[in-house]
Amino acid sequence: MSTPPAGKLPLPELAAMKRRGDKIVMVTAYDAPGARFAENAGIDVLLVGDTAAMVMLGHESTTVPVTVDEMLLLTRAVALAARRPIVVGDLPFGSYQVSDEDAVRTAVRFVKEGRADVVKLEGAGPMVSRVRAIVEAGIPVIGHIGLTPQSATALGGFRTQGKTAAQAMRLVADARALQDAGAFMLVLEAVPAPVAGHITHDLDIPTIGIGAGPECDGQVLVYHDLLGLTEGHLPRFVKRYANLSAEIRDALEAYAADVRSGTFPDDAHAYAMSEEELASFETAIGGD
Ligand code: KIV
């Protein structure tokens with residue numbers, strides 16, 4: 001890859017943070033304002049996640065339908081606004097599963113058109129070869145194991161993964177395989193904390209947890225979940241740091257009430273014209 005623009009967090013810094021024991025902070029972002037808020041808050045990594053399907057595009061409880069073109073639009077908006085944070089393009093379902101060639105082609109689009117710094121994809125097994133192919137094409141890759149929402153149906157729903165010793169051993173093997181294939185970081189989703197802790201200590205590359213306990217090298221949450229913008233049920237691992245839905249509803253209700261009562265707009269929010277021009281205008285249109 002070419003040299004990162006000045007001010008961009010250099011990618012090797014993430015591994016250095018792991019070595020120093022400094023936690024990596026990641027949050028999802030889907031538009032330019034969200035990217036700016038996150039950057040101003042000192043967030044290290046912005047994930048333009050395919051959770052966009054649910055939190056931005058109205059699909060209920062599935063990330064599967066979001067398309068490459070939809071994700072590219074959101075990724076570019078985030079990438080154009082973010083200066084320092086590393087921007088991750090999340091490859092959507094169907095855009096990399098079929099072949100290594102497909103995977104490389106899609107990853108190239110995310111970097112060229114979406115302006116992502118790196119990409120993320122879900123799964124291990126056959127996906128290990130996709131990771132290797134994309135890395136060989138010069139694009140850094142983040143792996144994602146545990147609960148992989150794109151294959152939630154096959155996993156029996158949105159459930160914790162790795163709860164039996166055998167499943168936990170599988171996750172350890174998958175994590176090693178992804179690291180060996182060249183992934184520079186790994187998201188662990190909905191994995192018991194001791195299993196995520198073991199994987200974190202076992203790997204040289206950083207792990208980012210979401211529902212994977214405190215021992216991961218960093219954490220990620222969905223922007224809308226942590227800010228209280230998501231309605232309805234939230235997974236156990238979400239911590240809400242604000243209740244913005246209530247603030248937005250109150251503001252919109254107040255606006256609607258002001259419009260209906262005629263209180264808005266008042267003089268402070270309207271444009272005036274000089275008495276003289278007003279008089280000429282009224283004469284011109286035949287007023288008194
Ligand atoms: O798409 C996404 O937002 C994700 C995170 C939940 C890790 O993959």
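I take helices (H or I, at least four residues) and strands (E, at least two) as DSSP runs, numbered from the N terminus. The model is predicted, so I required pLDDT of at least 70 for local features and 80 or more for side-chain atom pairs, while totals for chains, interfaces and linings use all residues. Residues are numbered from 1 along each chain as its sequence is written, and side-chain values use heavy atoms, with hydrogens and water left out.

Within α1 (residues 12–20), I found Leu14, Ala16, Met17 and Lys18 buried. Buried means under 20% relative accessible area, exposed over 50%, and partly exposed in between (1.4 Å probe, protein chains only). The cover over these buried residues of α1 includes β1, β2, β3 (86–90), β6 and α8.

**Strands β1 and β2**

I noted that β1 (residues 24–28) pairs with β2 in the parallel sense over three bridges; pairing requires that DSSP find at least two bridges between two strands. Val27 has Leu46 of β2 as its bridge partner. Strand β2 (residues 45–48) is covered on both faces, with Val45 and Leu47 buried on one side and Leu46 and Val48 buried on the other.

**Nonpolar cores**

I then searched for nonpolar cores, each a set of buried Ala, Val, Leu, Ile, Met, Phe, Trp, Tyr and Cys residues joined through side-chain atoms within 4.5 Å. The largest has 59 residues, and those with the most contacts inside it are Leu46, Ile134, Leu186, Leu188 and Ile199. Helix α4 (residues 68–81) supplies the largest share of this core, seven residues. Another core, of 17 residues, lies apart from it and includes Leu47, Ile86, Val88 and Ile208.

Leu186 touches, among others, Ile142, His144, Leu178, Ile199, Leu203 and Ile208. Thr75, placed in helix α4, touches Val48, Gly89, Phe110, Gly114 and Ala116. I counted Thr75 as buried because its relative accessible area is 0%.

**Ligand site**

Thr28, Leu47, Gly49, Asp50, Thr51, Asp90, Lys120, His144 and Ile210 surround the ligand. For polar contacts I used pairs of N or O atoms within 3.5 Å; within protein, one must be able to donate a hydrogen and the other to accept it, and residues adjacent in sequence count only if both atoms are side-chain atoms. A ligand oxygen atom is 2.5 Å from an N or O atom in the side chain of Thr51. For the side chain of Asp90, the distance from a ligand oxygen atom to an N or O atom is 3.1 Å, and for that of Lys120 it is 3.1 Å. The protein covers 97% of the 260 Å² of accessible area that the ligand has on its own (Shrake-Rupley method, 1.4 Å probe; for residues, only the protein chains shown count as cover).

**Backbone exceptions**

I noted that most residues other than glycine have a negative phi, and most peptide bonds are trans. Ser61, in the loop between α3 (52–55) and α4, has a positive phi of about 55 degrees. Ser61 counts as exposed because its relative accessibility is 53%. Ala190, in the loop between β6 (185–189) and α8 (193–202), has a positive phi near 50 degrees. Ala190 counts as buried, at 8% relative accessibility. I also found a cis peptide bond, with omega about 0 degrees, joining Phe264 and Pro265. Pro265 lies in the loop between α10 (244–261) and α11 (275–284).

Definitions and conventions
Contact means heavy atoms within 4.5 Å. A residue is near a molecule or strand if one of its heavy atoms lies within 4 Å of it. Lists of a residue's contacts leave out its neighbours within four places in sequence.
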